[in-house]
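Here is a walk through one structure, element by element. Keep the sequence and the 3D view open as you read.

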Amino acid sequence: MDDKCISVVVPAYNEEEVIRQCYKALTDVMKCTNYTYELLFVNDGSKDRTISILDELARQDAHVRIVNFARNFGHQAAVTAGINQARGDCVVIIDADLQDPPEVIHDMVEKWEEGYEVVYGKRRKRKGETLFKLASASLFYRFLQRMSDTHIPRDTGDFRLIDHKVAHVFNRLTERNKFIRGIISWIGFNQTYVEYDRNERAAGQTKYPLRKMIAFASDGIFSFSSKPLKLITRMGLLTVVIAFCVLVYSLSAKLLHLPEVERGWTSIMTAITLFSGVQMLSLGIMGEYIARIYDESKNRPQYIIKETIHYPQEELHIQE
Ligand code: UDP
Ligand code: MG
């Protein structure tokens with residue numbers, strides 16, 4: 001047995017229906033590798049029995065460690081905490097719902113042994129997702145690609161393996177990383193991918209309603225691109241040009257006594273609504289950046305850990 005260790009980070013929010021199954025599937029896979037491992041579950045303020053089930057698993061198996069959040073801080077915060085707390089030579093990030101098949105970890109570890117420092121899972125197919133989710137995800141990744149200066153691979157999620165060197169760099173970033181797949185691409189190192197088919201959720205409901213999806217997508221865009229700001233400048237230039245043309249037209253209409261001047265209601269309404277729309281949009285875009293600057297400047301921690309739970313084997317013997 002190699003004395004290297006693999007940390008598997010599993011964010012979990014209200015996953016009582018799958019968490020046991022997830023533990024079992026991960027254990028089966030990890031037992032087959034030549035490495036020691038730890039299963040690091042991050043309980044993101046679940047309101048159901050997730051934490052008590054995890055606690056029970058931790059008592060039976062010393063591979064299980066739990067990071068218990070003080071409240072729900074979100075998926076990305078949970079993954080961040082997992083990477084921060086991981087002690088292994090590499091860290092695997094996987095969802096609790098078994099949509100990402102744990103067997104793929106074998107392929108990832110193989111690539112890691114070949115010397116790659118980041119191995120991300122690329123989704124070949126996505127089973128059991130609504131047409132809306134598929135379409136919006138595909139649109140989002142293509143849009144992000146065009147907007148962002150960092151190359152963020154398409155059709156990948158947070159299911160990936162990162163070497164401890166990458167985790168170390170990640171841990172030292174002071175930015176409040178809300179878009180982990182982007183940050184890891186940005187960090188660099190030798191990156192590669194393995195392809196896999198994404199399954200349906202093993203049980204339970206998605207924890208990403210539309211509202212969270214939109215917030216997540218705007219984090220991806222606004223933290224990885226300043227192009228929206230440049231877009232404002234372009235829109236401004238365009239409106240100045242249009243305004244100039246309208247100005248020339250209305251002055252000449254006035255001077256030449258064209259009847260259009262009397263019937264100008266439509267054009268005025270159009271101009272007012274169009275340009276106030278553009279202004280509001282521009283303010284909104286600027287607001288997105290200001291809100292992010294404000295967030296960063298407060299310097300609050302990204303998450304708060306209530307407790308970490310781990311029962312080493314010795315303690316178990318005493319209890320038995
Ligand atoms: N998750 C979390 N905190 C949240 C929402 C989700 O830790 O606020 C976890 C969830 O338990 C799961 C993973 O993030 O392990 C992905 O969530 P989900 O499967 O609901 O997202 P989807 O696959 O539908 O995009
Ligand atoms: Mg899922």
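Helices (H or I, at least four residues) and strands (E, at least two) are DSSP runs, numbered from the N terminus. Val-9 is found in strand 1, so named under that rule.

First, the ground rules. This is a predicted model, in which local features need pLDDT of at least 70, side-chain atom pairs count only at pLDDT 80 or more, and totals for chains, interfaces and linings use all residues. Residues are numbered from 1 along each chain as its sequence is written, while chains are lettered from A and ligands numbered from 1 in the order in which they are written. The mean pLDDT (the predictor's confidence in each residue, from 0 to 100) of the protein is 86. A value of 70 or more is reached by 95% of its residues. The model has an ipTM of 0.93 and a pTM of 0.80. Where pLDDT is low, the predicted coordinates should not be read in detail.

Back to Val-9. A residue is buried if 20 or more other C-beta atoms lie within 10 Å of its own, exposed if 12 or fewer, and partly exposed in between; C-beta atoms are placed from the backbone. Val-9 counts as buried because it has 27 C-beta neighbours inside 10 Å. Its contacts (C-beta atoms, placed from the backbone, within 7 Å) include Leu-40, Val-79 and Val-92, not counting residues up to four places away in sequence. Ile-94 lies 85 residues from Val-9 in sequence, yet their C-alpha atoms are 6.3 Å apart.

Next, strand 3 (residues 64-69). Five of its six residues are buried. Strand 3 pairs with strand 2 (residues 36-43) in the parallel sense, over five bridges; pairing takes at least two bridges found by DSSP. Asn-43 stands opposite Asn-68 in strand 3.

Now turn to helix 4 (residues 104-113). Its buried residues are Val-104, Ile-105, Met-108, Val-109 and Trp-112. They sit on the same side of helix 4 because they cover an arc of only 140° around the axis, taken from the directions from the helix axis to the C-beta atoms. Gly-115 follows helix 4, with a positive phi near 115°.

Finally, ligand 1. Of the 16 residues around it (C-beta, placed from the backbone, within 6 Å), Pro-11, Tyr-13, Ala-96, Thr-206 and Lys-207 come nearest. Strand 1 (5-12) and helix 3 (75-85) each supply at least two residues of this shell.

Conventions
Contact = placed C-beta atoms within 7 Å.
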